[in-house]
Amino acid sequence: MAEAGFNKEKAQRFLQQLMKDVAASFHSAMTYIGDRLGIFKAMAAAGAVTVEDLARRTGLQERYLREWLGSMVAAQYINYDPKSATYTLPPEHVAPLADEDSPVFLASMFAGLLPHLIVAPKVAEAFRTGGGVAQSEYPQELFAAMERMTAPMYKHYLVQQWLPALPEVVSKLRGGGAALDVGCGSGLAAIKIAEAFPQARVFGFDRHVGSIERARANARAAGLGENRIRFDVADCTQLPHSTFDFITTFEVVHDAVDPQALVASIRNALRPGGTYMMAEVNASARVEDNISPMGRMLYSASTLYCMTTSLAEGGAGLGAAMGEVKARELAANAGFGHFRRLPIEHPFAALYELRG
Ligand SMILES: C[S@@+](CC[C@H](N)C(=O)[O-])C[C@H]1O[C@@H](n2cnc3c(N)ncnc32)[C@H](O)[C@@H]1O
């Protein structure tokens, strides 16, 4: 029965949209498998392949590959030529799916999906009871995935585009200054800074033990000794006074249990004339500004991790969409006299310079 204000076409369009979303959700598991098992990389190297070829090249079961390829052809990630029964990863799809070094590599996002979904039943319980899910309850796989998800930003933008927007910082680091990455995770940003500024002393602190272990291993793999970079487990709301010329946070403040104490501790830890660069999610605090795929992803990730790990400890639970207004408020309350959004466009990151 048609109700007043009920638009049949709109209902039809919404059903189609929902069906597309259901299909994409199931298919995301296939992309996860393709990334995990190196199938996209094998296809990028191979050009056109039959299922049998692909099975030989990857050492994987032919029957599984045939089904997987079906899903990829249906999703138009991979092309199929029925005449030759061959499958091809189009050249335009290689960078996002198979090239770990590309700035547009996205397949790692699917590695991050599963460890978020695993905790969804616990998050649902928190909707009922309050509280949250503690960081220690997430599988280690999440932190490995986070490293891969954020790596393209640090490899391609941090030293090449972001730091040059802060010329005073660059000259201090060239002159042997001290830099600290707060909430460094697996350390990639700090490692990039240490590599670019051999005279600087670089530190990375995180309260998550597993991440610091990964960061130390990454520094060793990069050939950086403790004279160049040092990673420690630390709660950064208690940083030492007047110690660093440059402090960074990358996607940390919105996750923090006590973001105000964190920003105040960072100000206290800067030497006179020092700079804090806060990198936060490039999103508005107004839900009506976030009606986009990015908004959809970030509210979901926030519910599944960022807000929820903070609430688990009775924290502020700011969430990933805290926006510039909240960043300004935290800076002002901590006593920073200068706040500027750097004129840098990045789909995921908004960068703020805090001084004084
Ligand atoms: C979303 S992760 C980002 C990790 C890393 N900056 C990156 O970009 O890959 C946020 C990190 O902040 C850390 N963190 C949050 N609050 C902290 C605090 N008070 N002291 C130290 N680390 C903190 C968490 O343990 C987590 O590793």
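Trainee: Which residues in H2 meet residues in H3?

Mentor: In this predicted model, helix H2 covers residues 39-46 and helix H3 covers residues 51-58. From H3, the residues taking part are Asp-53, Leu-54, Arg-57 and Thr-58. On the side of H2, they meet Ile-39, Ala-42, Met-43 and Ala-46.

Trainee: How are H2 and H3 oriented to each other?

Mentor: The two helices pack with their axes 10 Å apart, at an angle of about 115°. Angles of 65 to 115 degrees count as roughly perpendicular. H2 and H3 are therefore roughly perpendicular to each other.

Trainee: What is the handedness of the crossing where H2 passes H3, and how do the residues of the contact divide by class?

Mentor: H2 passes H3 in a right-handed crossing. The residues of this contact of H2 with H3 divide into 5 nonpolar, 1 polar and 2 charged.

Trainee: How are H6 and H8 oriented to each other?

Mentor: Helix H6 (residues 107-118) packs with helix H8 (residues 140-162) at an angle of about 155°, and their axes are 8 Å apart. An angle over 145 degrees counts as roughly antiparallel. The relation of H6 and H8 is therefore roughly antiparallel.

Trainee: Which residues of H6 and H8 make the contact, and into which classes do they divide?

Mentor: The crossing of H6 and H8 is left-handed. H6 contributes Ser-108, Met-109, Ala-111, Gly-112 and Pro-115, while H8 contributes Glu-141, Leu-142, Ala-145, Met-146, Arg-148 and Met-149. The classes in the contact of H6 with H8 are 7 nonpolar, 2 polar and 2 charged.

Trainee: How are H12 and H14 oriented to each other?

Mentor: Helix H12 (residues 259-269) and helix H14 (residues 323-334) have axes 9 Å apart, and the packing angle is about 55°. This crossing of H12 and H14 is right-handed. From the angle it follows that H12 and H14 are oblique to each other.

Trainee: Which residues in H12 meet which residues in H14, and what is the contact by class?

Mentor: In H12, Pro-259, Gln-260, Val-263, Ala-264 and Arg-267 meet Leu-330, Ala-331, Asn-333 and Ala-334 in H14. By class, the contact of H12 with H14 has 6 nonpolar, 2 polar and 1 charged residues.

Trainee: Why do the buried residues of H9 line one face of the helix?

Mentor: Helix H9 spans residues 167-174, and its buried residues are Val-169, Lys-172 and Leu-173. Seen down the axis of H9, these buried residues line one face because they fall within an arc of 95°.

Trainee: Which residues are exposed on the other side of H9, and which strands are among what covers its buried residues?

Mentor: On the other side of H9, the exposed residues are Pro-167 and Ser-171. The cover over the buried residues of H9 includes strand E3 (178-182), strand E6 (244-250) and strand E7 (270-281).

Trainee: Is Gln-135 buried or exposed, and with which residues is it in contact?

Mentor: Gln-135 lies in the loop between H7 and H8. It has 20 C-beta neighbours inside 10 Å and therefore counts as buried. Leaving aside neighbours within four places in sequence, the contacts of Gln-135 are His-208 and Thr-309.

Trainee: Is Gln-76 buried or exposed?

Mentor: Gln-76 is found in the loop between helix H4 (62-74) and strand E1 (79-81). Its phi is near 65°, a positive value in a residue other than glycine. With 10 other C-beta atoms within 10 Å, Gln-76 is exposed.

Trainee: Is Ser-242 buried or exposed?

Mentor: Ser-242 is in the loop between strand E5 (229-233) and E6. The phi of Ser-242 is positive, near 45°, in a residue other than glycine. Having 11 C-beta neighbours inside 10 Å, Ser-242 counts as exposed.

Trainee: How many Å apart in space are Val-209 and Gly-5?

Mentor: Val-209 lies in helix H11 (residues 209-221). It is exposed, with 10 other C-beta atoms within 10 Å. In sequence, Val-209 and Gly-5 are 204 residues apart, and in space their C-alpha to C-alpha separation is 55 Å.

How values were computed:
Residues are numbered from 1 along each chain as its sequence is written. This is a predicted model: local features need pLDDT of at least 70, side-chain atom pairs count only at pLDDT 80 or more; totals for chains, interfaces and linings use all residues. A residue is buried if 20 or more other C-beta atoms lie within 10 Å of its own, exposed if 12 or fewer, and partly exposed in between; C-beta atoms are placed from the backbone. Helices (H or I, at least four residues) and strands (E, at least two) are DSSP runs, numbered from the N terminus. The arc is that of the directions from the helix axis to the C-beta atoms. Two residues are in contact if their C-beta atoms, placed from the backbone, lie within 7 Å. Axes are lines fitted to C-alpha atoms, for helices over the stretch in contact, and angles run from 0 to 180 degrees between N-to-C directions. Angles under 35 degrees count as roughly parallel, over 145 as roughly antiparallel, 65 to 115 as roughly perpendicular and the rest as oblique. A crossing is left-handed if the near helix is turned anticlockwise from the far one by less than a right angle, and right-handed if clockwise. Ala, Val, Leu, Ile, Met, Phe, Trp, Tyr, Cys and Pro count as nonpolar, Asp, Glu, Lys and Arg as charged, and the others, Gly among them, as polar.
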